[in-house]
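Hi,

Here is the structure I promised to pass on.

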Amino acid sequence: MLPSRIATTDYHTGGEPFRIVVDPPVPIPGATVAERRARAIEDPEVQGLRRVLCSEPRGHADMYGGFLVPPDDDAAHLGVLFWHKDGFSTACGHGTMALGVWAVESGLVAAPETGSVDVVIDVPSGRVSARVHRERARVVSVDFVNVPSWVIATDVAVPTSRGELRVDVAFGGAVYATLPAAQVGLSVTPGDLGELVALGREIRRALDGTEHAVHPSDPRLSGVYGTIWFDDLGGTEGLVHQRNVTVFADGEVDRSPCGSGTCARLAVLAADGRLPSGTVLRHDSVVGSTFTGTVLGTVEVGGRPAVLPQVTGTAYRTGQHEFCIDPSDPMVPGFQLR
């Protein structure tokens with residue numbers, strides 16, 4: 001049974017929604033955030049709560065959000081389970097930025113009127129932070145500092161309805177296939193979006209379940225989450241300029257430049273030698289919003305070289321909601337037209 005009322009606070013980051021449920025009205029047990037995600041996937045009550053918030057008429061097919069849960073330990077301020085219309089994801093950069101802004105604006109984390117503060121968040125893929133920058137008590141930007149990110153495989157052949165395509169596969173908190181839209185004669189524009197979504201779904205399905213989708217140490221993080229299409233827009237010394245759209249889950253479209261996806265792109269560009277020290281990635285989205293990405297350092301993960309990525313953007317509150325659930329409503333938990 002769903003609760004009669006569900007309170008949320010909604011933000012957007014670069015145009016991508018993030019619906020925050022501060023106090024989930026159903027229990028989500030577990031000793032860690034990763035364990036809570038695994039249990040949530042199997043729990044019909046938690047799944048019902050997710051479905052009602054991202055299905056019409058209360059949501060839509062591209063809705064995104066998170067249930068706040070306790071962190072793994074006292075070194076973090078909060079934990080979160082990220083969700084979308086198809087389930088629970090392992091990472092979400094735009095959501096992490098939104099949570100950083102929410103934590104400061106709600107007073108959960110004290111911040112200077114002018115200055116910066118780190119909001120530390122436990123997510124299923126590990127511990128991340130949102131460094132929130134303020135000027136005169138107003139948030140002006142947020143740095144998403146992610147888990148280590150690395151290239152899994154390069155130049156992987158993928159059969160599609162448009163012939164064999166070649167993709168790179170990288171981990172940025174989730175596993176992504178990445179390739180230039182020009183490889184299929186398209187560009188990252190609203191006019192080509194339908195074809196990019198259809199092909200992105202084909203690529204994800206073809207790779208999911210293969211060796212390229214396997215996380216080296218935590219099987220809960222395995223699986224291809226999405227396909228990143230990009231246009232190379234050139235740049236200048238110290239700047240790489242690209243535009244991208246991420247098609248994630250089962251055909252959902254990220255309106256933002258995608259936080260965890262930008263981390264995956266940073267890993268690929270660094271491996272290609274295109275991000276020497278001090279170089280910035282300007283990552284534009286299909287709707288014209290922008291993140292910037294930088295590599296803070298390098299590490300090894302399971303014998304692989306990895307980067308420590310930082311992605312900068314900001315988030316804005318769009319509303320507060322109290323959704324009502326009428327037990328006699330035949331449309332509960334809702335519907336999706338695609």
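Predicted model: local features only at pLDDT ≥ 70, side-chain atom pairs only at ≥ 80, totals over all residues.

**Cavity and pockets**

The lining of the largest cavity draws at least two residues from each of α3 (93-105), β13 (239-248) and α5 (259-271).

Residues are numbered from 1 along each chain as its sequence is written, and side-chain values use heavy atoms, with hydrogens and water left out.

How was the empty space found? Rolling a probe the size of a water molecule over the atoms shows where it is left. The grid is 1 Å, over the protein atoms alone; a cavity is a set of points where a 1.4 Å probe fits but cannot get out, a pocket is an open set with protein on both sides within 12 Å along at least five of seven lines, and lining residues have an atom within 4 Å of a point. Points are joined across faces, edges and corners, and a volume is the space filled by probe spheres set on them.

By this rule there is 1 cavity of 30 Å³ or more, and the largest cavity holds about 80 Å³ of space. It is lined by 13 residues, with Y64, H94, Y225, D254 and C258 closest to its centre. By class, that lining has 7 nonpolar, 5 polar and 1 charged. (Nonpolar is Ala, Val, Leu, Ile, Met, Phe, Trp, Tyr, Cys and Pro; charged is Asp, Glu, Lys and Arg; the others, Gly among them, are polar.)

The largest pocket has about 300 Å³ of space. Of its 19 lining residues, R37, H84, F88, S89 and Y225 lie nearest the centre. α1 (33-42), β5 (87-89) and β12 each put in at least two residues, and β5 gives the most, with 3.

Is β11 (residues 175-180) buried or exposed? 5 of its 6 residues are buried, so the strand is largely enclosed by the rest of the structure. (Buried is under 20% relative accessible area, exposed over 50%, partly exposed in between, with a 1.4 Å probe and protein chains only.)

On one pairing, strand β10 (residues 163-171) runs antiparallel to β11, joined by 4 bridges; strands count as paired if DSSP finds at least two bridges between them. A170 has Y176 in β11 as its bridge partner. The hairpin of these two strands has 3 residues between them, and G173 there takes a positive phi near 105°.

On another pairing, β11 and strand β12 (residues 224-236) run parallel, with 6 bridges. From β11 the chain passes through helix α4 (residues 193-207) to β12, in a right-handed β-α-β crossover. Right-handed means that, with the strands pointing away from the viewer, the path from the first strand over the helix to the second runs clockwise.

Most residues other than glycine have a negative phi, and most peptide bonds are trans.

- E56 and P57 are joined by a cis peptide bond, omega about 10°; P57 sits in the loop between α2 (44-54) and β3 (64-69).
- V332 to P333 is also cis, with omega near 5°, and P333 is in the segment after β18 (315-324).
- A137 is not a glycine, yet its phi is positive, near 70°. It lies in the loop between β7 (126-135) and β8 (138-145) and is partly exposed at 43% relative accessibility.
- C258, again not a glycine, has a positive phi of about 70°. Its place is the loop between β14 (252-253) and α5, where it is buried at 5% relative accessibility. C258 is also one of the residues closest to the centre of the largest cavity.

Cheers
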